[in-house]
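Here's a quick tour of a protein model, from the overall fold down to a single side chain. Take a look at the structure first.

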Amino acid sequence: MLSGRRLDLLDPSPLDVEIADIAHGLARVARWNGQTRGDHAFSVAQHSLIVEAIFSRSSEASPDEMLMALLHDAPEYVIGDMISPFKSVVGGGYKSVEKRLEAAIHLRFSLAPHPSNHLKDRIKKADTIAAYFEATELAGFSMAEAKKFFGQPRGITRDMLLIDPLPAVEAQHLFIERFNAIEAMRTTQTNGAA
């Protein structure tokens with residue numbers, strides 16, 4: 001990693017996880033295999049910001065849950081973004097590496113190793129809404145086609161989302177900024193409970 005950390009993919013340690021590495025990597029990983037409109041790739045960092053914004057808007061979310069939503073694709077800073085059909089072809093090996101990375105990342109930031117099934121479902125719902133807008137605005141899907149794959153979003157409109165692809169450095173900066181804002185909420189919540 002650029003931070004100087006060395007991350008063992010087979011046995012990742014939370015001690016080797018740095019938010020700067022996550023933000024840098026995710027800002028340079030393209031969603032949709034780079035098959036999107038715009039002058040810049042639509043990054044996983046920008047996608048993560050959109051998912052967290054939808055998640056936080058759609059439900060009463062604690063700061064810990066908001067952070068899990070922001071970090072829902074964080075393992076991709078190491079293993080890249082793989083389209084769903086290819087993930088199913090690759091099978092369990094990919095998923096097990098992804099799960100180990102997710103646990104190390106979450107533990108690094110004092111979160112549960114994995115989200116509960118209920119939380120995972122809530123994050124997946126926000127992820128699916130984001131995918132609908134990415135598909136129609138960036139990836140060339142018709143509205144009918146996107147509706148078939150992702151359903152029709154309710155309560156969220158395109159103008160609520162930062163959907164135009166950003167330069168990597170800007171997406172990286174916004175990701176870190178949002179991470180820090182959520183961390184500040186977590187600290188306030190912890191100090192208020194103490």
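Accessible areas here come from the Shrake-Rupley method with a 1.4 Å probe, and for residues only the protein chains shown count as cover. On that basis, the protein chain has an accessible surface of about 10000 Å², with 55% of it belonging to carbon and sulfur atoms.

A word on the ground rules: this is a predicted model, where local features need pLDDT of at least 70, side-chain atom pairs count only at pLDDT 80 or more, and totals for chains, interfaces and linings use all residues. Residues are numbered from 1 along each chain as its sequence is written, and side-chain values use heavy atoms, leaving out hydrogens and water.

As for the fold, the protein chain has 9 helices and 0 strands (DSSP runs numbered from the N terminus: H or I of at least four residues for helices, E of at least two for strands). Its radius of gyration is 16 Å, close to the 16 Å that the globule rule gives for 194 residues, so the chain is as compact as a globular protein of that length. Both terms are simple: the radius is taken over C-alpha atoms, and the rule is 2.2 Å times the number of residues to the power 0.38.

Some whole-chain numbers:

| Property of the protein chain | Value |
|---|---|
| Buried residues, of 194 residues | 43% |

Buried means under 20% relative accessible area, exposed over 50%, and partly exposed in between (1.4 Å probe, protein chains only).

Now zoom in on Lys124, which sits in helix H7 (residues 117-137). Lys124 counts as partly exposed, at 49% relative accessibility. Its C-alpha atom is separated by 9.0 Å from that of Ala69, 55 residues apart along the chain.
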